[in-house]
Amino acid sequence: MGLRKRVLRSVAVLSLRQGLALALAALSFLWVVPAIGPEAYGVFTLGQLGGQFLFLLLQMGLSIHLLQRPDLEKKHLDVAFAYLILAALVALGLAWPLAWGTLQLARLPHKYFIPLFVLYAVPAAQLLSVIPGSLLERRMSYGPVAFGENLSQVVGFLLAVCLAHTGFGVYAPIAGFVAHQVVLGGFLWAKAGYVPSLTLDQSCLGELLRGGLSQALPGWIAYPRLPLALALAHRFLGPEAGGLVAITVRLVEYGAFLRVVVLRVSLAAFSRLQEERPRLRQALEEGALLQALALGGGLSLLYFLMPVFAPWVLGSDWRAVWELFLVLSLAYLAGAPFLLETATLHALGRGGEVARTSLLQLFLSLGGQLLFLPRLGLLGFAFGEVLALAAFVPLHRRLIVLLGRPSYRLAWGWTATIALTFSYPYLGAGALLPLLLWLVAPMSWPTWSHLRRAWQTAKG
């Protein structure tokens, strides 16, 4: 099977998985949030994001390195697993001080210390599943991975809903998240077929960690941007308003669920096209088009549906969330092609340049939060994220030098016209006119040939 066909089939499988995950997330949002309230949900989101950063930090990029390493042997897996056991013990030791630090930074009530401690301890279990997960992704066995992720999410969802409606508050989504990770880890181990044997080889471990570090450094810099921004939102706006910000961020992620699919598959596909620059540039252009259609469609649909379900879930706060969702969605749409450019630069071995861009994003975002949150309230959070988009300018210029100028004409055309539909509450049906004109304009017609070719390739 050709690479393009494998990639597109992987996109289809992962899209189905992400679609099912979105359905479960929507049900969880509708049933859990009203039962526990925005404040508890915000604390859960803040602790979960902090815990996932700890996981990202301690795994040292091994998941990506093992995925891309061309000469992978069992010795490498055994040495990596021995390190991950030690990393899991470190995670358990760090959970206590990190939970206390989060309380102080976000100015949260002390009753949330134990929930935060549990969320910072979860990475210990996740670290032990890195090896089987990487092996399955390396084989592009996305079918079993998708099934395991959905099965574990169902278990976690059912547990969270039951506990939320029996008065467990913030512990309901935490219990669901823990169950999800435990079930997923067991499934990955069952499917990977890997039998570990502890091997401590310092030279081999050093080689693995050096290779993983080059992949992990950009993520280390980029990932803390969101949890730190949420902590600042809690600090300046209070736990209740901070919870509304966390809910909005989750809603935007639900609407942009296909972004994760494109990034996961692009990382594997772009790494195989490192020496074929014209094909790599073409793959980037097609990915940007698919990204614009997927994100624009998902975010705009959710935006139009929010007046239907949000008042029931959030009560009188729903309009503030709706406005914040609008600005954050536009920021996501504007930054979508540049996220694919970061994956491209990773494939070209330019992780250091991606790291510098992520560092600039971090400073711009946090600077924006400190500037806007005290003055603009909830919308200040969104404007901080908009300001962070400026960090992509030098990254894009560097990509042009290395790969040539990619053509985003179709992607930007769809992005702009879909973005204008978000003005529907203010302009009425006139907000849809630019999209209708773009649909019939000859400039947009190549879109259909791209989609038709992708569909024919994917179905075989």
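The axes of helix α14 (residues 318–347) and helix α18 (residues 409–420) come within 10 Å and cross at roughly 175°, where axes are lines fitted to C-alpha atoms, for helices over the stretch in contact, and angles run from 0 to 180 degrees between N-to-C directions. Helices are DSSP runs (H or I, at least four residues), numbered from the N terminus. The model is predicted, so that local features need pLDDT of at least 70 and side-chain atom pairs count only at pLDDT 80 or more, while totals for chains, interfaces and linings use all residues. Residues are numbered from 1 along each chain as its sequence is written, and side-chain values use heavy atoms, with hydrogens and water left out.

Helices α14 and α18 are therefore roughly antiparallel to each other (angles under 35 degrees count as roughly parallel, over 145 as roughly antiparallel, 65 to 115 as roughly perpendicular and the rest as oblique). Their contact (heavy atoms within 4.5 Å) joins L330, L333, A334, P337 and F338 of α14 to W412, T415 and A419 of α18.

For helix α3 (residues 74–106) and helix α10 (residues 225–237), the axes come within 7 Å and cross at roughly 50°, which makes α3 oblique to α10. Here Q104, L105 and A106 of α3 meet L228, A231, H234 and R235 of α10.

A search of the whole structure finds 3 salt bridges (a side-chain nitrogen of Lys or Arg within 4 Å of a carboxyl oxygen of Asp or Glu). In one of them, the side chains of R225 and E385 meet at 2.5 Å, N to O. Because R225 lies in helix α10 and E385 in helix α16 (residues 378–388), this pair ties together parts that are 160 residues apart in sequence.

Methods:
Helices (H or I, at least four residues) and strands (E, at least two) are DSSP runs, numbered from the N terminus.
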